[in-house]
Amino acid sequence: MVRKLKFHEQKLLKKVDFINWEVDNNLHEVKILRKYHIEKREDYTKYNKLSRNIRDVARKIRDLDEKDGFRAQSTSQLLEKLYSVGLIPTKQNLSLADKVTASSFCRRRLPSVMLKLRMAQNLKTAITFIEQGHIRVGPDIVTDPAFLVTRNMEDFVTWVDSSKIKQHVMNYNEERDDFDLVV
């Protein structure tokens, strides 16, 4: 049994909102976790830290002298890296690095890329296919839905050769070869 709160304790509790706590961005976090079907909260916190570090580096580069050669070199290196990972759409200017968020990383996860390539109808089925071992990136079979796919690796996301789903898709598209029937 809980004791009754004293008057000053009741006054203090009126000032505190436990649902919208300012320290943690819990509602936004839960919304992103649900949108991208992220099972591990640690993945989201890692994406948040990485995006914060990227924004900090971009801010430090921007604070350097405009005539400095190091600034131009580091700007181009940072933009090239962010573009090749797929976090920014173009390599135009450093202001794009300020727009990198945890959602940018979530959009580069393997299930989201599979949706973009139309290999699955929704994120839930894409995650199921990955966990069951139906997907490979290059020569490697990937079973982790948190796998980040770069722009270069996007072209190499395919079905595993022994996958029943691949066989079903090839039958549907009438592309299945007789040699595949033997194997």
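**Domain arrangement, nonpolar cores and aromatic pairs**

The C-alpha centres of domain 1 and domain 2 lie 25 Å apart in this predicted model. The domain assignment of the protein places domain 1 at residues 26–105 and domain 2 at residues 109–173. To the contact between them, domain 1 contributes 14 residues and domain 2 contributes twelve residues. About 1000 Å² of area is buried between domain 1 and domain 2, and carbon and sulfur atoms account for 51% of this area.

The nonpolar interior is considered next. In soluble globular proteins, nonpolar side chains tend to be buried together. In the present model, the largest nonpolar core comprises 22 residues, and the members that touch the most other members are Ile 54, Leu 78, Leu 82 and Val 100. At least two residues of this core are supplied by each of helix 2 (26–35), helix 3 (41–63), helix 4 (69–85) and helix 5 (102–106). With five residues, helix 3 gives the most to this core. When neighbours within four places in sequence are left aside, the contacts of Ile 54 are Leu 82, Leu 87, Ala 97, Val 100 and Phe 105. Another core, of 15 residues, lies apart from the largest one; among its members are Val 113, Val 137, Val 142 and Val 149.

Two aromatic pairs are present in the structure. Tyr 47 and Phe 105 form a stacked pair, with a centre-to-centre distance of 5.7 Å and an angle of 5 degrees between the planes. Tyr 47 belongs to helix 3 and Phe 105 to helix 5, so this pair ties together parts that are 58 residues apart in sequence. Tyr 47 and Phe 105 are both buried. Phe 105 is also among the residues in contact with Ile 54.

The other pair involves Phe 129 and Trp 159, whose ring centres are 5.5 Å apart. The planes of these rings stand at 70 degrees, so the pair is edge-to-face. Phe 129 is buried, as is Trp 159.

A further arrangement involving an aromatic ring is found at Tyr 83. Arg 151 lies over the face of Tyr 83, at 4.2 Å from the ring centre. Tyr 83 is also touched by Thr 90, a residue in the loop between helix 4 and helix 5. Not counting residues up to four places away in sequence, Thr 90 touches Leu 96 as well as Tyr 83. Thr 90 has a relative accessible area of 30% and is therefore partly exposed. Thr 90 and Leu 79 are separated by eleven residues in sequence and by 8.3 Å in space, C-alpha to C-alpha.

Individual positions within the helices were also examined. Ser 103 lies in helix 5 and is buried, its relative accessible area being 13%. With neighbours within four places in sequence left aside, Ser 103 is in contact with Ile 32 and Tyr 36. In helix 3, Val 57 has a relative accessibility of 38% and thus counts as partly exposed. The C-alpha atoms of Val 57 and Asp 98 are 9.7 Å apart in space, and these residues are 41 residues apart in sequence.

Positive phi values were found at two residues described here. His 37 has a positive phi of about 50 degrees although it is not a glycine. This residue, His 37, is situated in the loop between helix 2 and helix 3, and its relative accessibility of 31% places it among partly exposed residues. Arg 118, likewise not a glycine, has a positive phi of about 60 degrees. The loop that holds Arg 118 runs between helix 6 (110–116) and helix 7. Arg 118 has a relative accessibility of 76% and accordingly counts as exposed.

Methods:
Residues numbered from 1 in each chain as written. Predicted model: local features only at pLDDT ≥ 70, side-chain atom pairs only at ≥ 80, totals over all residues. Heavy atoms only, no water. Core = buried A, V, L, I, M, F, W, Y, C linked by side-chain atoms within 4.5 Å. Buried < 20%, exposed > 50% of the residue type's maximum accessible area, 1.4 Å probe, protein only. Helix = DSSP H or I, 4+ residues; strand = E, 2+ residues; numbered from the N terminus. Contact = heavy atoms within 4.5 Å. Phe/Tyr/Trp six-rings, centres within 6.5 Å; stacked < 30°, edge-to-face > 60°. Lys NZ or Arg CZ within 6 Å of the ring centre and 35° of its normal. Domains from an automatic or database assignment. Buried area = accessible area lost by both parts, 1.4 Å probe.
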